[in-house]
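Reader: I have a structure to look at and would like to learn how to read it. Please take one residue to begin with.

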Amino acid sequence: MSSLKKAKIAAIARAVPEKILTNFDLEKMVDTTDEWIRTRTGIEERHIADEKTTSSVLGIEATKKALKKAGISAEELDFIIVATITPDMVFPATACIIQNAIGATKAATMDIEAACSGFIYGLSIARQYIATGEAKNVLVIASEVLSKITDWDDRSTCILFGDGAGAAIITESDSDSEIMSTVLGGDGKYGDILYLPAGGSKKPASHETVDNKEHTIKMNGQDVFKAAVTKMRSSLKKALEKAGIKSSQLKLVIPHQANLRIIESLRKFLDLPKEKVYVNLQKYGNTSAASIAIAMSEAEENGIIKRGDYIALCAFGGGLTWAATVIKY
Ligand code: ACO
């Protein structure tokens with residue numbers, strides 16, 4: 001094998017459904033208040049997909065924008081990776097559906113299920129394929145319509161989630177732009193603190209699973225909170241060490257947008273000022289795999305990150321999974 005190549009994020013874009021559901025709307029649906037949601041999570045509103053909008057629909061919209069920004073055509077894509085826990089169907093993979101829709105005739109296709117860590121898992125896989133020369137252009141999409149697997153009668157979870165997608169084009173780098181390090185992790189022993197019980201081979205869909213609302217997210221919020229704080233810290237610390245970068249050199253940290261208190265605890269651990277940690281969960285809620293991609297696309301569009309800046313992404317999610325990456329943008 002020839003020497004390893006550097007991989008960079010050539011372009012990133014996002015798509016969210018138009019409809020907005022505010023905390024005040026939720027007050028009319030379940031026993032909650034805007035004040036409780038804002039103080040416990042930081043969330044004020046979230047985008048919600050209509051009946052026809054699936055993960056592929058949002059993924060395609062984000063992809064078209066990303067391809068345009070990168071100046072490459074769908075036919076030039078070698079690999080499409082879709083991170084989602086809300087695929088259009090159990091199979092075929094949402095990556096196949098998107099490949100067909102955009103005409104990426106040369107691309108291999110794969111979905112990955114790493115929950116909220118999925119976008120960074122996707123970046124890590126893309127980086128390896130670029131590094132070895134197996135692929136030149138990889139499309140990493142993170143797309144979720146969590147509203148469709150939310151129990152809208154459960155106030156402890158329905159206030160948290162939103163829908164949206166981000167898409168990134170990863171290419172070989174001929175400059176100093178580079179995905180410098182990635183750290184991935186998982187621990188299945190915590191599988192029962194955040195999961196969706198039915199619809200898989202263990203509990204296929206039945207009248208009973210529908211009646212028991214077993215096709216919606218179940219979560220022990222406090223246990224997830226504790227694990228998130230620990231794993232985000234340790235994985236980001238490791239990613240910084242692997243990249244040889246100090247947290248003080250970072251222009252921006254983009255953490256998974258689940259809860260403002262988790263993000264604040266990470267910010268304090270890294271000893272960073274508020275302006276160096278990106279927060280947009282007030283507008284989107286937790287969009288699982290898509291959250292970091294949406295946030296990065298916004299930060300780039302608003303000129304907060306520019307080529308040459310050091311940035312870090314980190315996430316945790318159901319599984320449990322966790323992931324971090326340090327990038328010279
Ligand atoms: N409105 C009003 N009261 C509520 C609500 C609500 N929406 N939800 C829960 N409560 C009540 C509870 O019933 C409880 O009442 P009690 O004291 O009378 O029993 C009280 O508020 C406190 O509930 P807690 O669960 O202890 O609240 P906590 O401070 O832990 O906040 C939260 C809950 C926001 C879910 C928090 O635990 C959290 O953010 N955890 C992390 C979740 C997360 O990040 N998940 C991401 C995973 S995403 C993925 O992988 C798909």
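Author: This is a predicted model. Start with threonine 157, which lies in helix H6.

Reader: Is threonine 157 buried or exposed?

Author: A residue counts as buried when its relative accessible area is under 20%. Threonine 157 has 1% relative accessibility, so it counts as buried.

Reader: Which residues does threonine 157 touch, leaving out those up to four places away in sequence?

Author: Threonine 157 touches Asp151, Ile217 and Met219.

Reader: Which domains does the domain assignment give for the protein chain?

Author: The assignment gives domain 1 (7–175) and domain 2 (180–328). The centres of domain 1 and domain 2, taken over C-alpha atoms, are separated by 14 Å.

Reader: Which residues come nearest to the ligand?

Author: There are 27 residues around the ligand, and Thr32, Arg40, Cys116, Gln222 and Asn259 come nearest. By class, the shell has 13 nonpolar, ten polar and four charged residues. Helix H8 (221–243) is one of the elements that supply at least two residues of the shell, and H8 gives the most, with four residues.

Reader: Which polar side-chain atoms lie by a nitrogen atom of the ligand?

Author: For a polar contact, look for a pair of N or O atoms within 3.5 Å. A polar side-chain atom of threonine 32 is 2.6 Å from a nitrogen atom of the ligand, and one of tryptophan 36 is 3.4 Å from a nitrogen atom of the ligand. In the side chain of arginine 261, an N or O atom lies 3.2 Å from an oxygen atom of the ligand. Of the 1000 Å² of accessible area that the ligand has on its own, the protein covers 75%.

Reader: What should I look for in the backbone?

Author: Look at the omega and phi angles. The peptide bond between phenylalanine 91 and proline 92 is cis, with omega about 5°. Proline 92 sits in the loop between strand E4 (79–83) and helix H4 (94–102). Another cis peptide bond runs from glycine 319 to leucine 320, where omega is near -10°.

Reader: Which phi does lysine 213 have?

Author: Lysine 213 is not a glycine, yet its phi is positive, at about 55°. With 32% relative accessibility, lysine 213 counts as partly exposed. Aspartate 271 also has a positive phi of about 55°, and at 68% relative accessibility it counts as exposed.

Conventions:
Residues are numbered from 1 along each chain as its sequence is written. This is a predicted model: local features need pLDDT of at least 70, side-chain atom pairs count only at pLDDT 80 or more; totals for chains, interfaces and linings use all residues. Side-chain values use heavy atoms; hydrogens and water are left out. A residue is near a molecule or strand if one of its heavy atoms lies within 4 Å of it. A polar contact is a pair of N or O atoms within 3.5 Å; within protein, one must be able to donate a hydrogen and the other to accept it, and residues adjacent in sequence count only if both atoms are side-chain atoms. Accessible areas come from the Shrake-Rupley method with a 1.4 Å probe; for residues, only the protein chains shown count as cover. Ala, Val, Leu, Ile, Met, Phe, Trp, Tyr, Cys and Pro count as nonpolar, Asp, Glu, Lys and Arg as charged, and the others, Gly among them, as polar. Buried means under 20% relative accessible area, exposed over 50%, partly exposed in between (1.4 Å probe, protein chains only). Contact means heavy atoms within 4.5 Å. Domain bounds come from an automatic or database domain assignment.
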